[in-house]
Every structure is written in structure tokens, then in C-alpha cells.
Amino acid sequence: MLIKCEFIRLYNNPIITDKVYMNKVYFDSAATTQLRPEVVDKMAEVLRDQYGNPSSSHGFGRSAKTLIEQSRKNIAKYLGVKASEIVFTSGGTEADNLALNSAVRDLGVKHIITSKIEHHAVLHTVQELEANFNIKASYVRIKECGSVDYDHLEELVTSATEKTLVSLMHVNNEVGVLLDINRVGDLCKKHDMLFHSDMVQSVGHLEVNLNEINVDFTAVSAHKFHGPKGVGFAYIKKNSGIKPLIYGGEQERGYRGGTEGVHNIVGMEEALRLAYDNLEKEKAYVKDLKQYFVSALKEHIPEAKFNAKCCDEDHSTYTLINVALPVPPEKATILLFHLDINGIACSKGSACQSGSSAGSHVLNEILSEEDLKKPSVRFSFCKYNTKEEVDYVVQVLKDFLAKE
């Protein structure tokens with residue numbers, strides 16, 4: 001998007017007469033996405049017209065409840081599961097917490113196998129369970145390419161002697177590496193283990209049929225696929241045996257007390273519907289955009305290094321790249337600032353930890369000490385981005401590097 005501005009000229013036009021512009025580029029869709037206009041319209045309609053409490057027995061309440069249950073049925077249909085297996089939450093973090101805490105508290109899990117590149121919603125929860133419930137936590141090795149070491153995973157699974165849950169994310173939120181989720185699900189089923197997967201970065205972007213995956217729990221967040229913030233859902237396999245995590249009412253089949261945000265739930269369902277109705281077309285567009293960005297970086301900044309398998313179409317999501325740039329350590333801290341003042345939004349890691357000085361726990365696991373000295377930036381894309389924006393970002397990066 002181009003916005004009139006009085007003090008910055010367009011990067012690729014060295015001479016401008018009386019008009020100057022500043023680019024505003026949002027390449028941080030892995031952190032959160034822009035709402036689709038259709039979702040905004042649907043939510044506004046519900047906010048305006050459907051204000052009854054879904055737990056009330058009168059007509060206003062029944063009307064709101066009907067919207068919630070219809071959204072639940074539709075979401076379940078998109079994912080190939082039963083409506084009763086969808087539990088609405090405030091987002092992916094709550095859904096992860098619900099699954100992990102309940103598995104330990106209610107299902108007798110004594111051992112959790114996970115990895116050190118999981119989202120902190122999983123890692124920090126596992127650490128708390130380890131400290132407070134005396135569970136054992138095992139961490140599967142991660143290869144330099146960012147993939148799970150499946151041989152090591154099988155060793156951990158086959159040697160486990162207590163009731164065990166495996167928790168591995170489907171798409172890594174920082175480097176985009178894909179988990180072979182069917183392989184892990186089959187392994188867990190073979191050894192009678194529970195399987196939880198954070199699917200925040202995959203649902204709405206990839207075809208997902210949970211009925212075909214041997215998974216017991218998943219976490220999903222609406223704002224990752226052009227839906228509203230503050231809402232998501234957990235998939236909890238039927239007859240799992242877990243109990244409520246939030247008490248106070250019978251909402252969500254007793255799993256989660258509290259009055260439902262009808263507008264958010266309806267907005268999430270609308271966003272998911274649009275995501276899957278347009279998946280092939282939008283996936284092809286974003287995939288082409290990513291490839292264009294990769295080619296532009298290779299041509300204009302050949303020293304740039306792509307982290308993990310973020311450029312491998314078979315092993316990485318099409319929605320992001322994570323690139324280490326040839327910037328001296330003393331200049332690394334001002335790189336994101338330079339991008340920001342030029343109107344470019346991106347992340348040095350996940351947005352959840354961008355304010356931390358500790359660096360990315362994901363990159364710390366997969367990069368060498370030498371590569372960790374270079375600033376790594378995650379650029380993530382969506383249907384609203386353009387190749388012109390890619391050109392602008394590459395030029396801004398070139399200008400920054402030219403000053404070094």
C-alpha cells in the first residue's frame with residue numbers, strides 16, 4: 001500500500017517532482033492477519049442484531065445459541081470431525097493449555113515427549129507440569145534443517161514405560177518446517193500414546209482432515225487465517241475423558257465456563273469457510289509470492305542464508321521464510337528498526353517473544369554459533385501482499401546493507 005508522505009521518496013524513483021510516498025508493507029501474517037472484509041461484515045451483523053446471551057432460554061438467547069452451534073458444525077465439517085469434538089476457546093494458547101493440563105490431571109499422563117522448538121504455549125506449560133506435577137519431560141532431537149529426528153522420536157516412544165503424551169506442532173511458527181503428522185500419529189497409535197499437535201499455523205492454510213490423523217488434541221487460532229483475535233478452538237477427540245479447565249457454567253459442554261463471544265465465533269467460522277473455499281487459488285498466489293521473494297533475495301543479497309527448510313516446498317509451509325542476513329553483530333539491533341521506519345512489518349522471531357532479548361529459542365536449537373551472530377528475520381505472507389511490496393522490501397534491505 002502506498003501512502004502520501006511529505007518526507008520520504010519512493011525507493012525506486014530517484015527524482016520525484018511534487019509527490020512523495022512512503023510504503024507500508026505488512027509481512028508479518030504469521031503473527032496475525034488482516035481481517036477479511038466479509039468477516040468484519042458478518043461480525044458487525046451479529047454484534048448489531050444477535051445480542052442475546054446464548055445460555056438464555058428466551059428467543060434472543062436461542063437465536064444466539066443457534067449461531068454458535070451452526071458455526072461449530074461447519075468448523076467440524078471443514079476438519080472432518082464431529083461437532084461435539086470442537087470446543088471454543090480464547091485462542092491457540094488456551095487450547096494448548098487445556099489439552100496438556102487436562103491430560104496430566106485427568107488422564108494420568110506421567111510423561112510428555114515434545115521438542116525444544118515448540119511454541120511457548122506448549123514449552124512453558126510442560127515446564128510447569130514438570131515442576132508442579134512431577135511429570136517427566138523428554139525432548140526429541142531436532143536436525144539442523146529444523147525437522148524432527150524421527151528415529152530419535154521412535155526411540156523415545158518405544159522406551160517409554162509410563163502413560164505418555166506426544167506434543168509436536170504441525171507447522172513451526174518461526175521457520176515453517178512441517179511435521180510428518182500422519183507418521184507421528186501412527187507411531188502414537190501403535191504404542192497406545194496420546195498425541196497433541198499445535199495446528200495454529202496450519203489450519204486455514206493447509207488441507208487438514210483430523211479424522212484421518214491419529215491425533216487426540218489440537219489447538220487452532222482464528223487470527224492466523226484472517227479471523228478475529230481472541231477466539232480459537234480445541235479439537236478434543238470424543239470420549240477423551242478430560243474434565244473442565246475453567247469452571248463457572250455449562251458452556252462448551254462443560255469444558256469451558258463463561259458466556260461465549262458469539263460475534264467472534266461466527267467471525268472465525270466465516271474466516272475458515274473463506275479460507276477453504278479459496279484455498280487452492282490463494283495458496284498458489286502466496287506460494288508464487290514466496291518464491292519470488294526467495295529469488296529476489298538470492299539475486300540481490302546472495303550472502304543471505306535461509307534458515308532450516310523454509311525454502312523447501314515439500315517440507316515447509318508456503319506462507320513464510322526465515323532468513324539470516326549478512327549484517328555485522330553491532331548493526332543487527334537496528335535492522336528491524338530500519339525496516340520499521342521504512343514502513344515494513346516483520347519479526348525477528350515469533351511475535352510472542354519479539355520483546356525478549358534472549359533471542360529465538362527455535363533458532364538457538366538449529367543454527368551454529370556463527371550463524372546466530374547474524375540477525376534472522378521472519379517474513380510471512382498472505383493474499384493481500386504483492387510483488388511490488390517484495391521489490392520494495394528487497395530494495396530497503398539492499399540500501400541498509402550498502403551503508404555497512
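**Figure 1. Asn134 in the loop between H4 and E6.** Asn134 is found in the loop that joins helix H4 to strand E6. The model shown here and in the following views is predicted. With a relative accessibility of 70%, Asn134 counts as exposed.

**Figure 2. Helix H4 and its buried residues.** Helix H4 covers residues 120-133. At 1.5 Å a residue, its 14 residues should span 20 Å, and the end C-alpha atoms are 19 Å apart, which agrees. The buried residues of H4 are Ala121, Val122, Leu123, Thr125, Val126 and Leu129. These buried residues pack against H3, E5, E6, E7, E8 and helix H11 (361-366).

**Figure 3. The open sheet of seven strands.** The strands of this sheet follow the order E4-E10-E9-E8-E7-E5-E6, and their pairing is mixed. Strand E4 (86-89) and strand E6 (136-139) stand at the edges; each has a single partner strand, so one side of each is left without a neighbour in the sheet. Direction ignored, neighbouring strands of the sheet are turned by 20° against each other on average.

**Figure 4. Strands E9 and E10, with helix H3 on the sheet.** Strand E9 (residues 217-221) pairs with strand E10 (residues 232-236) in the antiparallel sense, over five bridges. Val220 has Phe233 of E10 as its bridge partner. Helix H3 (residues 92-107) packs on the sheet, where it touches E4, strand E5 (111-114), strand E7 (164-167), strand E8 (194-198), E9 and E10. The direction of H3 makes about 160° with that of E9.

**Figure 5. The aromatic pair of Phe27 and Phe379.** The structure holds seven aromatic pairs. Phe27 lies in the loop between strand E3 (25-26) and helix H1 (37-49), whereas Phe379 lies in strand E14 (residues 376-380), so the pair ties together parts that are 352 residues apart in sequence. Phe27 is buried, with a relative accessible area of 0%; Phe379 also counts as buried, at 0% relative accessibility. Ring pairs link Phe27, Phe293, Phe379 and Phe381 into a cluster.

**Figure 6. Lys116 and the ring of Tyr139.** Lys116 lies over the face of Tyr139, at 5.4 Å from the ring centre. Tyr139 falls within strand E6 (136-139), which stands at an edge of the sheet.

**Figure 7. Asn264 and its contacts.** Asn264 has its place in helix H7 (residues 262-277). At 14% relative accessibility, Asn264 counts as buried. Apart from neighbours within four places in sequence, Asn264 is in contact with Met43, Pro228, Lys229, Gly230 and Val231. Val157 and Asn264 are 107 residues apart in sequence, and their C-alpha atoms are 39 Å apart in space.

**Figure 8. Asn239 in the loop between E10 and H7.** Asn239 is found in the loop between strand E10 and helix H7. Its phi is near 60°, a positive value in a residue other than glycine. Asn239 counts as exposed, at 73% relative accessibility.

Note on methods
Residues are numbered from 1 along each chain as its sequence is written. This is a predicted model: local features need pLDDT of at least 70, side-chain atom pairs count only at pLDDT 80 or more; totals for chains, interfaces and linings use all residues. Side-chain values use heavy atoms; hydrogens and water are left out. Two strands pair if DSSP finds at least two bridges between them. Helices (H or I, at least four residues) and strands (E, at least two) are DSSP runs, numbered from the N terminus. Axes are lines fitted to C-alpha atoms, for helices over the stretch in contact, and angles run from 0 to 180 degrees between N-to-C directions. Contact means heavy atoms within 4.5 Å. Rings of Phe, Tyr and Trp (its six-membered ring) pair if their centres lie within 6.5 Å; planes under 30 degrees apart count as stacked, over 60 as edge-to-face and the rest as tilted. Buried means under 20% relative accessible area, exposed over 50%, partly exposed in between (1.4 Å probe, protein chains only). A charge sits over a ring if NZ of Lys or CZ of Arg is within 6 Å of the ring centre and within 35 degrees of the ring normal. The expected span of a helix is 1.5 Å times one less than its number of residues.
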